[in-house]
Amino acid sequence: MMFTPTRTAALDRLAQFAPKAGRDYASKRNYDRPGHDDVSRLSPYLRHRMITEDDVLKAVLARHSPAAAEKFIQEVYWRTYWKGWLEQRPSAWSNYRVGLNAAMNHVQTGAGLRREWEAACGGDTGIACFDAWAQELVQTGYLHNHARMWFASIWIFTLRLPWELGADFFMRHLLDGDAASNTLGWRWVAGLQTIGKTYLARPDNIAKYTDGRFKPTGLATFAAPLDGPPPPERTAPPISGAVPSGKVGLLITEDDLSPEWMFDQITPAAQSAFNGVAHRSPLRTAPIVDQFVESAMDDLEQRIGPLTRHASPTQIDDWAAQHCLDAIVMSYAPVGGTADALGSLKTPLVQLVRPYDEAAWPHASAGFFKFKSKIPKLLTRYDAQLSLL
């Protein structure tokens, strides 16, 4: 596996990458090269918060000025921006799931669509670069970000497949697949996120940034925006619930595998974990994704002690009753499959929002460029800590 699912491995990779997060990253980050040594490859760890954005930004800012590491810092905050945007417009996720179910129904009833979808997922389209990326994703659980954009564009505009099926293919196979970055990234390529703005995969661009490894022909030469409703109206971003009195249990999900930040707020009488990977898609997630998350939870147990594992919300309620809990406390579950599943819990649930998210998410009110103007202010939260280095 390219990604060892432990916090130690994540910190080692961060330590190796941090020296390269400045000019080196800025000049090489768009190249999709075997091994992907020009990018951080931290996303599977960040997605599950085996390490956090705080960890990454502190390590990078300890070696580089904000200006020198500007491009990498912006990439860290892109992930934050997408999450904040979706938290304030959760119906974009639920609308995607409705569209996905409709597309899956069409797959079941249309033999032609089914063949084309299976060929795309199996890397059997005859488009060499696309097929190589499909196979790399299935085998490794990872794709370079530039390849993801090219892949989505070819899926939508050359193969003319429903975008929701492509987003689901990614969600089932990406180790770093999450509702915000994945759904909104596909919407952006399709022209649904920024209305009228699409992304067209161009052969010369692919050839340049794969060092000539691929020189595709026959790709779409025009990318007309897909029809769809405008982005939903914005709602208020989430805030932390009040820490309850009485007997509380700690619930950990795969969305945040660094729960230690809550231990100065609660003393749990019992602690447990819910793996919501199966809720990322109506289809089965890839074994490599299941294995990564299960092993990451094993690693967490080595740090904080035994966890009662749950496979369903009903099991969580039974666990809470067994331990006579007054409430369950957890790190906030962002919009996505796990949050959907936990919506059926009967035990009172209090979710705590990390200070990093609480500070950043409200600024994801419009486009990224408006959000980007707030990054210097957001970085000031590290000034005091970095002055001690």
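The accessible surface of the chain comes to about 16,600 Å², with 52% of it belonging to carbon and sulfur atoms; such areas come from the Shrake-Rupley method with a 1.4 Å probe, and for residues only the protein chains shown count as cover. This is a predicted model, in which local features need pLDDT of at least 70 and side-chain atom pairs count only at pLDDT 80 or more, while totals for chains, interfaces and linings use all residues. Residues are numbered from 1 along each chain as its sequence is written, and side-chain values use heavy atoms, with hydrogens and water left out.

Of the 389 residues in the chain, 55% are buried, where buried means under 20% relative accessible area, exposed over 50%, and partly exposed in between (1.4 Å probe, protein chains only). The radius of gyration, taken over C-alpha atoms, is compared with a globule rule of 2.2 Å times the number of residues to the power 0.38; the chain has 21 Å, in agreement with the value near 21 Å that a compact globule of 389 residues would have. The C-alpha atoms fill a box of roughly 65 × 55 × 40 Å along the principal axes.

The chain contains 19 helices and 5 strands, which are DSSP runs numbered from the N terminus (helices H or I, at least four residues; strands E, at least two). Among contacts (heavy atoms within 4.5 Å) between residues at least 6 apart in sequence, 72% join residues at least 24 apart.

Helix α7 (residues 111-121) has Leu-113, Trp-117, Ala-119, Ala-120 and Cys-121 among its buried residues, and what covers the buried residues of α7 includes α6 (91-109), α8 (128-140), α9 (145-158) and α10 (163-173). Just after α7, Gly-123 takes a positive phi of about 65 degrees.

The structure holds 0 disulfides, a disulfide being a pair of cysteine sulfur atoms within 2.5 Å. Cys-121, buried at 16% relative accessibility, has its closest cysteine sulfur in Cys-129, and because the two sulfurs are 16 Å apart, they are too far for a bond. Cys-129 is also buried, with a relative accessible area of 2%.

Most residues other than glycine have a negative phi. Arg-160, however, in the loop between α9 and α10, has a positive phi near 55 degrees and counts as exposed at 67% relative accessibility. Cys-324, in the loop between α14 (313-322) and β4 (327-331), likewise has a positive phi near 55 degrees, and counts as exposed at 55% relative accessibility.
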